[in-house]
Amino acid sequence: MKKCNVVFFFTDQQRYDTTGVGGNPCGLTPNFDRMAMDGTLADEAFTPQPVCGPARAVLQTGKYATFTGNFHNGVVLPKEHRTMADYFNEAGYYTGYIGKWHLAQGRGAVVKEERGGYQYWLGANSLEHTSQAYNTLVYDGDNNPVQLPGYRVDALTDAAIRFIADRKGKEQPFFLFLSFLEPHFQNCFDDFPAPDVYKNVPAGYMPPDLGALKGTAWEHLGGYYGMVKRLDEALGRVRDALKSLGMDEDTILVFSTDHGCHFKTRNQEYKRSCHESSIRIPLAFYGGPFIGGGKLREKVSLVDVAPTLLDACGIKVPEDMQGTSIMPCVRHERNDMDRDIFVQISESTMGRAIRTNRWKYCVEAPDKDAIFDAGSDEYTESFLYDLEHDPYELHNLIHSKAHEGVCKVLAEKLIKCMEKAGEKAPMIHPAQKENMGQRVVFEGEEEL
């Protein structure tokens, strides 16, 4: 049986609701929407770490950030934690990486030993520091600087299409990871530089959470949407290339991102919080066993993606991966996988969160160093949201006495998630509860 190729199309800081299937009415993502409808859409997908480097470590290894030690930016991915590339290499694949890495030392060139096992290389560790929108500088496998022409999204897409075309006719299957910076902001300007044709175009749709809260969305959302639109056009180009080469049905195409963006509405930057705007992400698969998979109702975490891709390609999933393959759900072989989502938060605050079908519950350890401390023995409740009645998380119920029972149940669930991720069971101190006029929470509601 012929092995499927894999192309991973990975964006940076893209909200789930920028897509049409995610509820955005602006028509920004027709290619993603078609891919999701013809393939398999993880409708409720989440990152377990809303920070660039840690999220990438989770994705590459199928393990939680504190387990690998990559719980903040600037940490080299330890060699003992093997990546998807390592397993695909062993299975006879030719592996390639193009774009932003963020799991090595420094900002630019990445030494071979810190590339996660990828054989072909054209990237930079911190693409936001080596390039700008129309000035894309990356490094090849010998760490020679390479200047790519065009808008940054197009420049990397051109390189990816060249890689794919070069594999045409070869019996050896390939695994290509294409990692963009967009729609992440450009650090040196604190700006979201869309391609010129989409600059200064009105956003057209303001998500309710951003519209209700103070932040930079009114200033930045237009540029952000322009970047999303160009990314989707690039996705269409990759799909067109695969089709023209006769490789579309035998190539698994994955689209996802590392985390979302809340435009300084929840803290003083763009992510690093427990809120849906930070942790909910777009995730879809097409090709091979994912064609016609439909919309999954189960919640999926980024930690599940590595074991899923190995499973889909007939590669044994390692026992030390903490994520779970969703292939049984794709094949409609089971429907009992709908578990809660566990989130580890660092750099802005030392936090842990759990997201159930109905509730969002978060605890924090304010006395710990949010960057350099991996965890804490003690946490204090900080957020509780009823997502059924408050989907945009505008009303924090953590001090509501009426929700005291909900907090107790969620605290127990959160501790179990922490232990499963390799953390020690902490003490969780309840927030001070008050009678705030909320209705009584009926028995059983806290379990939802």
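Guide: A residue is called buried when its relative accessible area is under 20%, exposed when that area is over 50%, and partly exposed in between. In this predicted model, buried residues account for 62% of the 448 residues in the protein chain. The secondary structure comprises 12 helices and 16 strands. The radius of gyration is 21 Å, close to the 22 Å given by the globule rule for 448 residues, so the chain is as compact as a globular protein of that length. Along the principal axes, the C-alpha atoms fill a box of roughly 70 × 50 × 40 Å. Of the contacts between residues at least 6 apart in sequence, 68% join residues at least 24 apart.

In soluble globular proteins, nonpolar side chains tend to be buried together. Here the largest nonpolar core has 56 residues. The residues with the most contacts inside this core are Phe9, Ile98, Leu156, Ile164, Phe192, Tyr224 and Phe263. Helix α8, residues 217-244, gives the most to the core, with 11 residues. Apart from this core lies another, of 46 residues, which includes Ala55, Leu283, Val300 and Leu302.

Leaving aside residues up to four places away in sequence, Tyr224 touches Gln13, Gln14, Arg15, Thr18, Pro183, Phe192, Cys261 and Phe263. Two of these partners, Phe192 and Phe263, are themselves listed among the core residues with the most contacts.

Pro183 is in the loop between β7 (174-179) and α7 (208-212), and a cis peptide bond with omega of about 0° joins Glu182 to Pro183. Phe263 belongs to the loop between β8 and α9 (276-279), and its phi is near 50°, a positive value in a residue other than glycine. With a relative accessible area of 0%, Phe263 is buried. Lys264 lies in the loop between β8 and α9 and has a phi near 60°, also positive in a residue other than glycine. At 26% relative accessibility, however, Lys264 counts as partly exposed.

Helix α8 also has a part in covering helix α1. In α1, residues 30-38, the buried residues are Asn31, Phe32, Asp33, Met35 and Ala36. Their cover includes α8, together with β2 (40-46), β8 and β10 (284-286).

Between α8 and β8 (251-257) runs a loop that holds Asp250. Asp250 has 32% relative accessibility and therefore counts as partly exposed. Leaving aside residues up to four places away in sequence, Asp250 touches Lys2, Lys3, Cys4 and Asn5.

Helix α10, residues 305-312, gives a further view of burial, for seven of its eight residues are buried. These are Val305, Ala306, Pro307, Thr308, Leu309, Leu310 and Ala312. After α10 comes Gly314, whose phi is positive, near 75°.

The protein chain exposes about 17,400 Å², of which carbon and sulfur atoms supply 49%. There are 49 positive and 63 negative side chains, and the centres of the two sets lie 3 Å apart.

Conventions. Residues numbered from 1 in each chain as written. Predicted model: local features only at pLDDT ≥ 70, side-chain atom pairs only at ≥ 80, totals over all residues. Heavy atoms only, no water. Helix = DSSP H or I, 4+ residues; strand = E, 2+ residues; numbered from the N terminus. Rg over C-alpha atoms; globule rule 2.2 N^0.38 Å. Buried < 20%, exposed > 50% of the residue type's maximum accessible area, 1.4 Å probe, protein only. Contact = heavy atoms within 4.5 Å. Areas by Shrake-Rupley, 256 points an atom, 1.4 Å probe, with all protein chains shown as cover. Lys, Arg positive; Asp, Glu negative; His and termini not counted. Charge placed at Lys NZ, Arg CZ, Asp CG, Glu CD. Core = buried A, V, L, I, M, F, W, Y, C linked by side-chain atoms within 4.5 Å.
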